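Here are my notes on this entry. Please read them with the model open.

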Protein chains: 2
Amino acid sequence: MVKISDVARHAGVSPSTVSYVLSGKRSISDQTRRRVMDSIRALGYRPHAGARALASNRSNVIALVVPLRSGIHVPIVMQMVIAAVTTARTYDHDVLLLTQDEGVGGLERVAGSALVDAILVMDVEMHDVRLPVLRSLDRPSVLIGFPADPSGLTCIDWDFEAAGAACAEHLADLGHREIALIGAPPAVYERGTGFAERTKAGFQRAAAERGVHAVVRPCDPEHARETAADLLRDHPGLTGIAVHNEPAVEPLLTAFRASGRRIPDDLSVIAIGPDDLAARLELTSISIPAEELGRQAVALLMDKLNGDQAPGATLLPSRLVARSSTPAA
Amino acid sequence: MVKISDVARHAGVSPSTVSYVLSGKRSISDQTRRRVMDSIRALGYRPHAGARALASNRSNVIALVVPLRSGIHVPIVMQMVIAAVTTARTYDHDVLLLTQDEGVGGLERVAGSALVDAILVMDVEMHDVRLPVLRSLDRPSVLIGFPADPSGLTCIDWDFEAAGAACAEHLADLGHREIALIGAPPAVYERGTGFAERTKAGFQRAAAERGVHAVVRPCDPEHARETAADLLRDHPGLTGIAVHNEPAVEPLLTAFRASGRRIPDDLSVIAIGPDDLAARLELTSISIPAEELGRQAVALLMDKLNGDQAPGATLLPSRLVARSSTPAA
DNA sequence: AAAAGCCGTGGGAGCGCTCCCAGATTCCGG
DNA sequence: CCGGAATCTGGGAGCGCTCCCACGGCTTTT
């Protein structure tokens, strides 16, 4: 293995100079820098990560805790994970994967052993048991999702409230008087996950403001057919529907059509979710940019690692893209 | 930070003894062990990962390279990733995530800097550019998927050839004389990915052996409707179909029904893929156990890390589960 | 002309752990 | 009672890097 002293000898400088060339923590003459870099390349030198971590107290690795529970759409998670890894690399950091089920112990382990410098937690619950640990840990963390009490934590999420409101407003603007929001599976609501509630709240608030009648239903993708049938039976006057449940979108559309409703003639539909699905189905959609969230979350984490003050709460705006499923009357 | 010498002092032993208690690399009297363990708990000691890596030349971290290209079904990837992480933990290892697009450089980086002890590569191509690097690296690796030349490498995958053959045989056994395999998107075939070709080969071989007429079509899920229509037009006598394309399954079923074919009355259907989807749709299926693959791959990697000889090739059997979509005639 | 400031570099302690080399103790058979 | 084996423990060098402390040479100030 090539070590820093080998490079130093080869370049005719001291090891500390090589270190400084690499870290940029003090000025080095152009000539020296060039000689050192040449030696590094010539010898194929790579700093030993462990030695570096030991001496500098920085591992240049961040932990990413991924959820593995039901009711969360896997492709979105994957997109965020990829975005997080890619972004971390631009900051010269790597990503260590932890699963939700390692729980509190996992966080304490990777932080306590100095395996990671910081922690990114996806899919935070309202009353997440990990919150106290994250607050007390000596390492910065960023949460994707908002718990009930975000004090002392840095959180980021999509602005679901605004997304829900945008749906209701869009439908109201188009003249619909009776609208529905089909949301996440019941399990998600029961778990008290914030995003589902916030979408609902925004939807209902905006509907109320516009004097539009609004109903909200959870939906298990496996039982999309029943959900759709029940909804249309209970509310025959329904003409506008927002779906906040990625995997249920296609089954629901099928079910609506099976119930004799034409889209968009009888029923206008908005999807809240990734743009690609909506684009393919020609649905008006509120896009929730997964990559953007992953990217920003890592950026926040890096800010905190640099000792910068990070905002406690960040809400990413969503964007309504009108397509053929919600035509103007 | 609590360090090993703090524990040693607290327990009245030497640091080396603490180290040996933790590693188990030499015998320790029960009494001493207990005292040391008590001190560790009392002080909340956690070995510093970097120091450990430096001194022992082992980081206890493995790299996992995840694909991010099109044509691979994301939930399957995620299942394998989760399984890999979970399994690695049972071996006291963590998982560092790398993306495909870091390419060769990424592998050299994490291996050269001793960030990871071993490498697990998902979604290997036939003529993968990373193969030479993996062969020359001083760290063990395991590939998920088989390249054209697997010599000198440890590879594991599902037995797609057998899966394809099982489909043809099952259909032939039920009396079908004209059958089709609807496969991965064209891009996957063009890329020369092994699994698509192998399924095809098994399907065709078994069909030939049974004297059954077989056709194979790639299929882009976005154009499932057209694929289905074309296929039924070109081969009106078709009565048995195998689908090896997870996201296309539902669109295809819809398309078949739209073409006036009843399932299973007019058309028997087998799905090759995760069991949950097939079970929900009541389809006969050949299940490809994603978790199992992730688990086994990590197990192989750990064997190699321990210096054990690992088999060069491992093929995981798939299992045919008969459901209502392929009734006996 | 001496003092003060600046820039570029070297020396080397120390980060926390592992594991080689010994040393101490106990146990056994002869 | 002794030699040797077996069992358990301690000491401490060394892993490869970072970063504090110095230092020499040069320029600018007093």
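1. A definition first. Two strands count as paired if DSSP finds at least two bridges between them. Bear in mind that this is a predicted model.

2. β2(A) is joined to strand β2 (residues 94–99) of chain B by 3 bridges, and the strands run antiparallel. Leu96(A) stands opposite Leu96(B) in β2(B).

3. The same surface serves both: 97% of the contact residues of chain A recur in chain B.

4. The protein–protein contact. Chain A places 29 residues in contact with 29 residues of chain B. On the chain A side, α4, α5 (74–90) and β2 (94–99) each supply at least two residues. α5(A) gives the most, with 8 residues. By type, this side divides into 17 nonpolar, 7 polar and 5 charged residues.

5. The surface near DNA strand C. The elements giving two or more residues are α2 (15–23) and α4 (49–56) of chain A, together with α2 (15–23) and α4 (49–56) of chain B. The residues divide into 13 nonpolar, 11 polar and 4 charged.

6. Annotation. An unreviewed UniProt entry places "domain: HTH lacI-type" at residues 2–56 of chain A. Over residues 2–56, chain A is 71% helix and 0% strand. The end C-alpha atoms of that stretch are 19 Å apart.

Technical notes. Residues are numbered from 1 along each chain as its sequence is written. Chains are lettered from A and ligands numbered from 1 in the order in which they are written. This is a predicted model: local features need pLDDT of at least 70, side-chain atom pairs count only at pLDDT 80 or more; totals for chains, interfaces and linings use all residues. UniProt positions are given in the numbering used here, feature names are shortened, and annotations may be inferred rather than shown by experiment. Helices (H or I, at least four residues) and strands (E, at least two) are DSSP runs, numbered from the N terminus. Two residues are in contact if their C-beta atoms, placed from the backbone, lie within 7 Å. Ala, Val, Leu, Ile, Met, Phe, Trp, Tyr, Cys and Pro count as nonpolar, Asp, Glu, Lys and Arg as charged, and the others, Gly among them, as polar.
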